[in-house]
Amino acid sequence: QLSLFRLTMKRLFSTSHSSVDSEEMKKFQLLAHKWWDEEGEYSALHSMNDIRVPFIRDTLLNMSSNYHLGNPLSGVKILDVGCGGGLLSEPLGRLGALVTGIDPLEDNIRTADQHKSFDPVLAKRIQYKSSSLEEIVEECMETFDVIVASEVVEHVADLEVFIKCCSQVLKPEGSLFITTINKTQLSYILGIVVAEKIIGVVPEGTHEWEKFVPPEELERLLESNGFSVKTVNGMLYNPLSGSWSWMESTSVNYALHAVKSGAQGQLSPTDALSELENDQPSATAGTAV
């Protein structure tokens, strides 16, 4: 029955309904070798680590009673979706986490693999795979304690499919961390006109304003797919200092933390399968995995 369930899930998340946008792939292909140039096209992502890594670390520590001095995230299984060259995977690995980084672009994975190989500790803790999120759903059902999708959701083709897949591979009560860009007039001016066209801190054409995601929309999608949104924080990039800071307003960049609802009240794979087969409304239909 379980294999039948997997087959059904595979049909639901078939590549014809992929979250990967081929146009976005072409953009990043050209810059695959530039990930670790701290002064280059990805400099803003390097400096974002100063706030996104502590945000992930401290949120997880506040939820846990297990403290490992020196390795605070020891044993935590993290999936870094759209990991690029490994800019976020590596610091999470240094905190003790077991990180799986996936990216649909093979050149990105090649760069990430090469860079982690310089550090034998990271080489053990991090594994990279050239893959879309949908492609690992079947083999990674409820595998990860944490998913990070940093600067990714504004590039996906189908956000709801993406969030459904996140839920599939996350353990009950697991955490999802997202950083992205709001869809406001200010985000257009700062995120595209200033960042791309005037000061060039981001390569021109990296972002399309139409694909930016308002926090309200992201929260609604998460809540309707079995997540509980815990935190939404505004982020501000200062192009003069090249540094990030937290701010109250989410009008440009923001970070979000959500938790997948626990096993209680959720359907088991076999229940979910019979739901799909019978197509009968039921009291628990809204919480299907």
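## Briefing on a mixed open sheet and its surroundings

Eight strands, in the order 3-2-1-4-5-8-6-7, form an open sheet with mixed pairing, where strands count as paired if DSSP finds at least two bridges between them. The model is predicted, so local features need pLDDT of at least 70 and side-chain atom pairs count only at pLDDT 80 or more, whereas totals for chains, interfaces and linings use all residues. Residues are numbered from 1 along each chain as its sequence is written, and side-chain values use heavy atoms, with hydrogens and water left out. The protein holds 11 helices and 8 strands; helices (H or I, at least four residues) and strands (E, at least two) are DSSP runs numbered from the N terminus.

- Strand 3 and strand 7 (243-247) are the edge strands, each pairing on one side only.
- From one strand to the next, the twist averages 20°; axes are lines fitted to C-alpha atoms, for helices over the stretch in contact, and angles run from 0 to 180 degrees between N-to-C directions.
- Strand 1 pairs with strand 2 in the parallel sense over 5 bridges, and V81 stands opposite I102 in strand 2.
- Of the 5 residues of strand 1 (residues 77-81), 4 are buried, so this strand is largely enclosed by the rest of the structure.
- Strand 4 (residues 144-150) and strand 5 (residues 170-181) run parallel and are joined by 6 bridges; S175 in strand 5 is the bridge partner of V146.
- Helix 10 (residues 215-223) lies across strand 5, strand 6 (227-238) and strand 8 (253-260), running at about 155° to strand 6.

**Burial and contacts**

- Buried residues make up 48% of the 289 residues; buried means under 20% relative accessible area, exposed over 50%, and partly exposed in between (1.4 Å probe, protein chains only).
- Among contacts (heavy atoms within 4.5 Å) between residues at least 6 apart in sequence, 71% join residues at least 24 apart.

**Helix 5**

- N108, I109, T111, A112 and K116 are buried in helix 5 (residues 106-116).
- Viewed down the axis of helix 5, the buried residues fall within an arc of 160°, so they line one face of the helix; the arc is that of the directions from the helix axis to the C-beta atoms.
- Exposed residues E106, R110 and Q114 are carried on the face turned away from the buried side of helix 5.
- The cover over the buried residues of helix 5 includes helix 2 (22-29), helix 4 (89-94), strand 2 (98-103), helix 6 (120-125) and strand 3 (126-130).

**L87**

- L87 lies in the loop between strand 1 and helix 4 and is buried, with a relative accessible area of 3%.
- Although 51 residues separate L87 and W36 in sequence, their C-alpha atoms are 7.5 Å apart in space.
- Leaving out residues up to four places away in sequence, L87 touches W35, W36, Y42, L45, H46, N49 and R52.

**Aromatic rings**

- The whole structure contains 5 aromatic pairs: rings of Phe, Tyr and Trp (its six-membered ring) pair if their centres lie within 6.5 Å, with planes under 30 degrees apart counted as stacked, over 60 as edge-to-face and the rest as tilted.
- W35 and Y42 form a stacked pair, 3.8 Å centre to centre with 0° between the planes, and both residues are buried.
- Y237 and W244 form a tilted pair, 5.0 Å centre to centre with 45° between the planes; both are buried.
- One aromatic cluster is formed by F55, F177 and W246.
- K183 lies over the face of W209, at 5.3 Å from the ring centre; a charge sits over a ring if NZ of Lys or CZ of Arg is within 6 Å of the ring centre and within 35 degrees of the ring normal.
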